[in-house]
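Take a walk through this fold with the viewer open.

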Amino acid sequence: MPPVTLARFLIEAERNNHVISADLRFLVEVVSRACKAISIAIGKGGLADVLGSAGSDNVQGEAQKKLDVISNDILLEANEWGGHLAAMASEEMEAPHLIPHRYPKGEFLLVFDPLDGSSNIDVNISVGTIFSVLRCPEGVEAVDEKVFLQPGTQQVCAGFAVYGPTTLLVLTFGDGVKCFTLDREFGHFVLTQDNMRIPEETKEFAINMSNARFWEPPVQRYVDELLAGKTGPRGQDFNMRWVASMVADVFRILTRGGIFMYPLDSKMKDQGGKLRLMYEANPMAMIVEQAGGLATTGRERILDIQPTKLHQRVPVILGSKHEVERVTAYHRD
Ligand code: AHM
Ligand code: MG
């Protein structure tokens, strides 16, 4: 069998099963090309002037890296002329980016974190791009922030790229999770995993332990029990990993299971959590659920949350089913 390229996979998905429309196929192709361009920019590292700070802050008050800005610009430029989008929104921009008048407008909304894990760029650790596709409600005349405020259950596609030892693109259209690997010689993505499944059981957890003293009691209880190992209530040892790039941590969980937590803590209670709902938590939650895992805030399913703000933050607990169920049960207790 010749390798199935992303282009072929998308055409067949459109033709055979009508899983996707021609516009959605085009959208994903454009996003994948943008991810390729971002991967190339990241790969230049110290050879080009791409590392370090951009000298500006984003809407969340976080210092922007040069590659945050470069990646955002690549995604905006790639996606504005094709006629497939009504608007875009990004972690790096306070307000939605409207499609310029000179271009036709389409039915979809694209929301993205152009460079997730950007604190890892300068130290040569995996980073990525996360995106979510929504439908623009019918009859909307003026596109503004409000049209984006749809629960994650409304996503028609979610995906993320990982720029690591290999460049990967993980995708779902709501019928399972596929993984494509960038063939650097030929310059296209090739299907390398057809149906990613997260094992229900796991012995691995991911959390930033330096925040332990700020966590709420249910998360403290859960992690304490994991740390107690064989002689504790769980009766087995657990291993810990924390890349500090959600894309890399979630990809590991898709591959061999695990639980990822960025829970609410007292430092960030007012802002509702660390990770952003629309372009981090929702797309990752859709992918994780499609792979047989669960994604909650501890109190509710992430995909059911009705967003009130574009840059809203939420606690995130996702991964192997049985562990996420346990943490959620501790929140109920
Ligand atoms: P970013 O989008 O600004 O890079 O922030 C999100 C990242 C996630 O990828 C990661 O899970 C988390 O922030 C790491 O946070 P911390 O530095 O507290 O460990
Ligand atoms: Mg991010």
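Helix H6 (residues 246–256) and helix H7 (residues 277–290) have axes that come within 11 Å and cross at roughly 10°. Axes here are lines fitted to C-alpha atoms over the stretch in contact, with angles from 0 to 180 degrees between N-to-C directions. Helices (H or I, at least four residues) and strands (E, at least two) are DSSP runs, numbered from the N terminus. H6 is therefore roughly parallel to H7, a term for angles under 35 degrees. This is a predicted model: local features need pLDDT of at least 70, side-chain atom pairs count only at pLDDT 80 or more, and totals for chains, interfaces and linings use all residues. Residues are numbered from 1 along each chain, chains are lettered from A and ligands numbered from 1 as written, and side-chain values use heavy atoms, without hydrogens or water.

Together with Asp 113 and Asp 116, Glu 280 coordinates the magnesium ion (ligand 2) at 1.8 to 2.1 Å. Donors are N, O and S atoms within 2.8 Å of the metal (3.2 Å for Na, K and Ca). Asp 116 lies in strand E5 (residues 108–116) and Glu 280 in helix H7, so the pair ties together parts that are 164 residues apart in sequence.

Now look for open space. The largest pocket has a volume of about 440 Å³. A pocket is an open set of points on a 1 Å grid, where a 1.4 Å probe fits, with protein on both sides within 12 Å along at least five of seven lines; lining residues have an atom within 4 Å of a point. Of the 26 lining residues, the closest to the pocket's centre are Gly 117, Ser 118, Ser 119, Lys 274 and Arg 276. E5 and H6 are among the elements that give two or more residues to this lining.

Conventions: Angles under 35 degrees count as roughly parallel, over 145 as roughly antiparallel, 65 to 115 as roughly perpendicular and the rest as oblique. Grid points are joined across faces, edges and corners, and a volume is the space filled by probe spheres set on the points.
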